[in-house]
Structure formats: structure tokens, C-alpha cells
Amino acid sequence: MHSLQAQLALKLSAVFSLAALLAICAVVYEGTQAAKTLGDDELEERAIQLARFISRGSDGIWRLELPPRQRQLYESPARTRILAARTGDGRVIASTDAEFAAELAGWPAPVGERRAFRLEDFGAASQDYNGITVRVQRSVGILWVSVAAVSDADALAYGIVKRFIVDVTWSILLFAAVMLAVAVWSIRRGLKPVLAASEMAAAIGPNATTVRLPIEYLPTELLPLVAAVNAALDRLEQGFAVQRQFTANAAHELRTPLAILTAGLDALSHGPEVDKLRGDVSRMNRMVDQLLRVARLDSVALEVSDRTDLRATAAEVVEYLSPWALAMHCTLGFDAPAAPVWVSGNAHALNDAFRNLVENAVFHTREGTEVTVAVSSSGTVSVADRGPGIPEPDRKHIFERFWRGRGVGRPGAGLGLAIVAEIVRAHHGTIEVTEAPLGGALILMNLPLYAQDE
């Protein structure tokens with residue numbers, strides 16, 4: 001299990017379960033002990049109180065004179081409670097039950113302050129008694145008062161304590177469950193900043209190198225890691241900036257000698273070698289132009305909130321490239337609604353995108369065929385050629401920079417469709433490639449329509 005949240009929740013569950021088990025065991029033990037000592041404490045208190053009613057007359061005879069209420073309790077025929085008293089040397093001096101007095105006479109002299117005892121099947125009624133012998137200091141000397149009660153009273157005490165244990169056990173389990181739920185909620189809430197940082201990290205890419213992970217509200221233990229990641233992002237941003245600057249500078253520096261070379265070739269007479277050089281220089285000019293466009297897209301964020309007529313922009317590109325397409329032995333077809341199609345976008349960037357799409361289609365269509373450009377009222381632009389098409393495995397790669405399909409004979413840098421994809425992404429649109437109805441490739445570009453409240 002690799003989830004930190006799950007690990008913490010599991011460990012807390014184990015801790016709370018163990019704590020609840022220990023608490024229940026403690027309650028059971030203490031409750032049992034309390035039930036055991038509850039009767040002894042009550043009997044001890046009774047013995048101390050009853051000792052006040054034992055006295056020694058001037059004739060040296062010990063007497064037990066109980067008040068009417070105690071007499072009814074200790075001298076009743078049911079014999080639920082019995083009482084006896086002994087002197088310090090163990091001699092029985094008073095008793096409410098003759099059998100109990102005879103039993104005590106055979107016991108050794110008591111020691112200590114208190115001693116519990118139990119009588120089983122005692123007396124004519126064969127009852128079980130729990131009792132206690134207590135040392136009491138009187139003016140006439142030390143007395144050992146023994147009080148016993150039938151076990152039914154203890155059973156009542158045990159029943160009360162058992163009920164208490166059951167109630168407390170449920171309370172402990174409920175409390176543990178609530179505390180575990182609170183702990184899990186606290187963990188989830190505490191990890192929210194980590195999840196937010198993860199989402200931001202997932203959005204970082206070549207087009208978003210300025211994003212940095214936030215350190216506010218993060219756990220202290222994660223701050224070194226986040227700081228290290230941000231430092232690595234700083235270095236990557238610097239590397240991207242150097243690379244982009246180099247690409248832009250190199251492309252810019254190449255434009256002047258290529259322009260001079262083009263002018264020089266135009267001054268020469270036509271011939272096979274000269275025409276070949278002109279074609280090579282034309283391709284170099286196109287590649288340099290694409291490199292400059294890539295550098296511009298990477299370094300400057302496009303403003304795409306303007307109201308742009310998609311139909312007019314596409315029509316302008318078709319009109320501009322039609323003579324060139326005829327020179328390449330194909331024609332351009334244009335299909336669009338009569339009304340303008342307003343989208344949120346940058347007209348210059350969209351013009352570049354349409355140019356690259358049309359040029360790519362013209363390069364790949366068969367001679368003598370038509371490249372069709374269509375605009376729909378929903379903000380979709382489609383460009384269809386009648387070339388060999390694009391194999392299914394290659395369709396997910398054609399928008400990558402410098403990627404060129406297998407078996408492509410025409411030289412190129414593989415930047416045209418990558419530029420288109422960057423422009424579409426900046427416009428929050430989508431682009432995909434599929435098979436054209438008449439064979440060849442069909443590229444669909446979907447752009448969001450302009451919202452009137454923008």
C-alpha cells in the first residue's frame with residue numbers, strides 16, 4: 001500500500017483499536033474488582049457501626065444491644081445477615097447466631113486490620129455467605145467484629161457492575177469510532193495542500209515552465225522536497241529559455257544569408273542545377289520560418305480572447321495559397337457558411353495554423369487532385385487531401401515536433417503540424433486526424449465559439 005493517507009488511516013485504526021481494547025479490559029478488570037470490594041466495603045462499614053452497640057458492664061459481662069432496626073435485620077429467621085464479635089485474644093463475646101459463634105470460636109486469632117472470609121453451605125439453611133472481620137478500637141479494648149451476608153447481595157452488586165461494564169464498553173467503542181473518523185478527516189484535510197501541489201505539478205510542462213509548487217500550508221516534513229523540486233524547475237526553465245533563445249537567434253541569423261542566396265539564385269538562368277538549388281533554398285526558408293514561429297509560440301503567450309471571424313481567416317489563407325497550390329499541380333477547394341463564424345482567437349496565429357495545414361495537405365496530396373478546406377458554423381475547420389493517408393499507429397505522433405512518418409520522401413523538419421497543435425492548444429481547442437471520405441488524411445480542428453458576454 002503506497003498511499004500515505006491509507007497508511008496513516010490504517011495505523012491510526014490499529015492504534016485506536018488497541019487503545020479501545022485496553023480500555024475495555026481495564027474497565028472490566030476495575031469493574032470486577034469494584035464488584036468484589038463493594039460488598040466488603042459495605043460490610044466493613046456495617047461492622048464499625050455495629051461495634052458501638054457492644055459494651056462491657058461493671059459485672060464484666062459483654063452485651064450486644066442492637067437498635068430495633070438492626071435487630072430485625074440481624075436476628076430475623078431468614079438469617080440473611082449474621083454478626084459476631086471477639087476480643088483481642090480471639091474469644092467470642094457476642095453473636096446474633098449461635099452457629100456462627102461456634103464457627104468463629106474455632107478460627108485462629110485474627111491479625112491485621114481487615115480480613116474477608118466466605119462461608120459455603122453454612123447453617124441449617126445451607127446458605128453461602130460473604131463476610132469480613134474488622135479490627136475496631138474501643139475504650140474497653142480491641143474488638144474483632146465479624147459481619148457476613150448471604151451472597152445474593154453480592155450478586156446484585158455484580159449485576160449492577162456488569163451492566164455498567166456493558167454500557168461503558170459500547171461508549172468506548174463509539175468514542176473510538178468517532179475519534180478515528182475525526183482523525184481520518186483531519187488527515188484528508190491536512191493532505192489537501194499536498195494534493196493541490198500535485199495537481200499543479202501535473203500541469204507543468206514546456207509551455208508552463210513558470211509554475212512553481214506552493215509551500216503555504218504544506219507539512220513541514222515536505223518543505224525540503226518541494227523546495228528541491230522548485231529549484232529543479234528553476235534550472236529547467238533556464239535551460240528551456242537558453243534553448244529557445246538559441247533557436248530564435250539561429251533562425252534569425254539564417255534569414256539574411258538565405259535571402260541573399262535566394263536573390264542570387266533568382267538572377268541566374270533556369271537550369272536543372274539552379275532549379276534544384278532554388279528548391280533547397282525554398283525548403284530552408286520554410287524551415288527557418290517555422291523555427292521562428294516555434295520560438296515565438298514558446299516565448300510569448302498568445303492573446304486568444306479577441307473576436308475573430310474563422311470563415312474570413314480561412315478564406316484568406318485559401319486565396320493566398322491558391323496560386324502556389326496550382327504551381328504544385330493541385331487545386332484548393334473552399335466550403336463555408338454564408339455568415340461569419342465568430343470564435344475567440346488570435347487571427348494571426350490562426351492564419352499560421354491554417355497555412356501549415358493547407359501546405360501540409362498540398363505536399364501530401366496526389367498531383368491533379370483537390371485539397372478541400374471546410375469551415376462549419378460550430379467552429380470546426382477541416383482540411384482533407386487525397387494522398388496516401390496516415391497509418392493508424394502514426395496518428396498520435398504527427399503533432400509532435402520533428403516527427404516525420406515512415407516512408408515520407410519529401411524533406412522537411414516536421415514542425416508544421418506541431419505548430420498547428422500548439423496554436424490550437426493555446427486557443428483551448430482540439431485537433432485530430434482521421435481518414436478522408438475520398439481517401440487521404442482529414443484533419444479536424446475544433447475551436448470554441450465567441451461568447452457574447454466575454
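A crossing of two helices is left-handed if the near helix is turned anticlockwise from the far one by less than a right angle. In this predicted model, helix α9 passes helix α10 in a crossing of that left-handed kind. The points below cover this helix pair, a surface patch and the salt bridges.

**Helix pair α9 and α10**
- Helix α9 spans residues 347–364 and helix α10 spans residues 416–426.
- Their axes come within 9 Å and cross at roughly 145°.
- On the α9 side, the contact is formed by A349, L350, D352, A353, N356, L357 and N360.
- These residues meet G416, L417, I419, V420 and I423 of α10.
- By type, the contact of α9 with α10 comprises 8 nonpolar, 3 polar and 1 charged residues.

**Surface patch**
- L18, L21 and L22 make a nonpolar surface patch of about 300 Å².
- Of these residues, L18 lies in helix α1, which covers residues 4–50.

**Salt bridges**
- The structure contains 10 salt bridges.
- One of them pairs R135 with E113, with the closest N and O atoms 3.8 Å apart.
- This pair links distant parts of the chain, the two residues being 22 residues apart.
- R135 sits in strand β6 (residues 127–138), whereas E113 sits in the loop between α3 (98–105) and β5 (114–122).

Technical notes
Residues are numbered from 1 along each chain as its sequence is written. This is a predicted model: local features need pLDDT of at least 70, side-chain atom pairs count only at pLDDT 80 or more; totals for chains, interfaces and linings use all residues. Side-chain values use heavy atoms; hydrogens and water are left out. Axes are lines fitted to C-alpha atoms, for helices over the stretch in contact, and angles run from 0 to 180 degrees between N-to-C directions. Helices (H or I, at least four residues) and strands (E, at least two) are DSSP runs, numbered from the N terminus. Contact means heavy atoms within 4.5 Å. Ala, Val, Leu, Ile, Met, Phe, Trp, Tyr, Cys and Pro count as nonpolar, Asp, Glu, Lys and Arg as charged, and the others, Gly among them, as polar. Patches are made of residues with over 30% relative accessible area and no salt bridge: like charges are joined within 9 Å, nonpolar side chains (Val, Leu, Ile, Met, Phe, Trp, Tyr) within 5 Å. Accessible areas come from the Shrake-Rupley method with a 1.4 Å probe; for residues, only the protein chains shown count as cover. A salt bridge is a side-chain nitrogen of Lys or Arg within 4 Å of a carboxyl oxygen of Asp or Glu.
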